Structures are given as structure tokens and as C-alpha cells.
Amino acid sequence: MSEAHGDNRQTGSAGSEDAGESTAPAEPTEADAAGQAGESAAEGSRSGEAGGRRVRVVLVDDHRMFRTGVQAEIGQTERTGVEVIGEAADVDQAVTVITATRPEVVLLDVHLPGGGGVEVLRRCAPLMADATRPVRFLALSVSDAAEDVIGVIRGGARGYVTKTITGADLVDSVFRVQDGDAVFSPRLAGFVLDAFASTDAPPVDEDLDRLTQREREVLRLIARGYAYKEIAKQLFISVKTVESHVSAVLRKLQLSNRHELTRWATARRLV
């Protein structure tokens, strides 16, 4: 069942009508001034924290619960200025929804069924290049791995933040990306600077290339000492799924236990 959908909500503004005789206006009273001040304050309150600005956003993440949480956190349009107009759970859905709705900003998970965030960026390249209505992408992922950050930035994303970000900071990041700024969580910007400052291509690690993106995530968290339950919570998957990923990693890397796995990951500076 497709989870992608759009929302065509529009925000209108009420006009004002002037009525009265064509005679000289009366001097404003203190009551009139107080009333005008009250109306101004109320209008300021309605404009929300975003100062009256609006940004249309599509959420792309394969975990429904996470999308629901983000929607609840930032999608209160009158308060945040963010209007969530669509969602998608995989690459094909993402491309369909983004093309149909043309949002200003897409919050994009890195690891998605169908090819990952990089594939979404590749297929949406014409939308990003549109000079009049560019669609801009902000990666929002649990992963803080250098290869993930560099991959989506090379693909055209304007920034990369991790899922530990607060709701307020995420709203701020969305507006900054809408303005064309580059936005990164702390320390991730260093990955990008290092990658683009280097003229040498990164070495190919054939062992690491055997692993899927999800297996790399599990590997990294195991190496950092996370328990299976903690990994499951972090990645929004079941403990049984974590166990399956660990078994697959050990098999592919020909390792016997998590201690060997930790040494292997540390030696490659993946932790």
C-alpha cells in the first residue's frame, strides 16, 4: 500500500473593508488606539514563530512512526510556519510526491528502500536545477557516517542533520535551506570540507562494500557498544531485525563475535 500523499491546504488572508461617510475623520480616542493595538498584537500572534513566513515540506522516511513524530513536532503551521504537504516511504513514492507537489524543501532520509536518498536526489535533479522554483533537500538521518554525509551532498542536498536535532532547530534548518544556505549538524560539516578539499578519491574497501547501508548502521552502533535493544530503538526496527543484521555482518566479514566486529570497525575508523 502506498503511503505517499499530498495536501493542498492553502492559507488565505482576509481583506478589510472601509465604510463611512466622506466627511473628515474624527480624532482617535484612547479606546480606538487600544483596540488597534490589540488587533496588531493578535495578528502578530497568528503569524506564529516563523514571523508569517511559510515553507512547504515533504517528509521522506521509511518509518511511519518517525514521519508521524516529525509531523507532530514541526507541522503545526500556524506556530512553526512549516506546512507538511506530503510524505513518502521509499524512492519511487518520494519521486512521485515531490514531482507532484513541488515543495520548497524535502526532508530526506539517507537509507530508503529502492536505492536510498542518493537515488531520490539523482531522479529529482531537474527539480533542484529549476531556476524559478527549486526544490531543495535537507538530509535527516540517524546515520552520522562520513560516507553517507558526503554521498548526499555530492548528490545535491543542501545540508545534513541527524535525528537527534530538536524540533526548533529543525524548523530553523528548514527555513535556512529554503533560503539557499548550507546546514549541518555539528562535526558533519568537517566531513564535507575534508572530502571536497581532497583531490584523491577515497579508497575502495571491498569488505565494507559487501554490507548494505542498514548493516553498516548496525555495525557502527555495535562497535560503539550499543545493546541490541538500544540499536532497535535508535533505528526504529525490532530486536529480531537487529539480530538478523548482526548475523549477516558477521557472516559477510567472516568474523566470530561482536568483539572482533568492534576491532574491525575501529581499525577502519568507522566508529
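Author: Gladly! Helices here are DSSP runs of H or I with at least four residues, strands are runs of E with at least two, and both are numbered from the N terminus. Helix α13 is followed by Gln254, whose phi is positive, near 55°. This is a predicted model, where local features need pLDDT of at least 70 and side-chain atom pairs pLDDT 80 or more, while totals for chains, interfaces and linings use all residues. Residues are numbered from 1 along each chain as its sequence is written, and side-chain values use heavy atoms, without hydrogens or water.

Reader: How do you know that the span of helix α13 agrees with what it should be?

Author: The expected span is 1.5 Å times one less than the number of residues. For the 15 residues of α13 (239–253) that gives 21 Å, and the end C-alpha atoms are 21 Å apart, so the two agree.

Reader: Which residues of α13 are called buried?

Author: Val242, His245, Val246, Ala248, Val249, Leu250 and Leu253; each has under 20% relative accessible area (1.4 Å probe, protein chains only; exposed is over 50%, partly exposed in between).

Reader: What makes a nonpolar core?

Author: Buried Ala, Val, Leu, Ile, Met, Phe, Trp, Tyr and Cys residues joined through side-chain atoms within 4.5 Å. The largest has 26 residues, and Val60, Ile98, Val106, Leu108, Val120, Phe137 and Val152 touch the most other members. Elements giving two or more residues include β2 (55–60), β3 (82–88) and α7 (146–155), while α4 gives the most, with five. Apart from this core lies another, of 22 residues, among them Leu208, Leu221, Leu235 and Leu270.

Reader: What does Val152 touch?

Author: Leaving out residues up to four places away in sequence, Val110, Val118, Leu121, Ala139, Ala157 and Tyr160; contact means heavy atoms within 4.5 Å.
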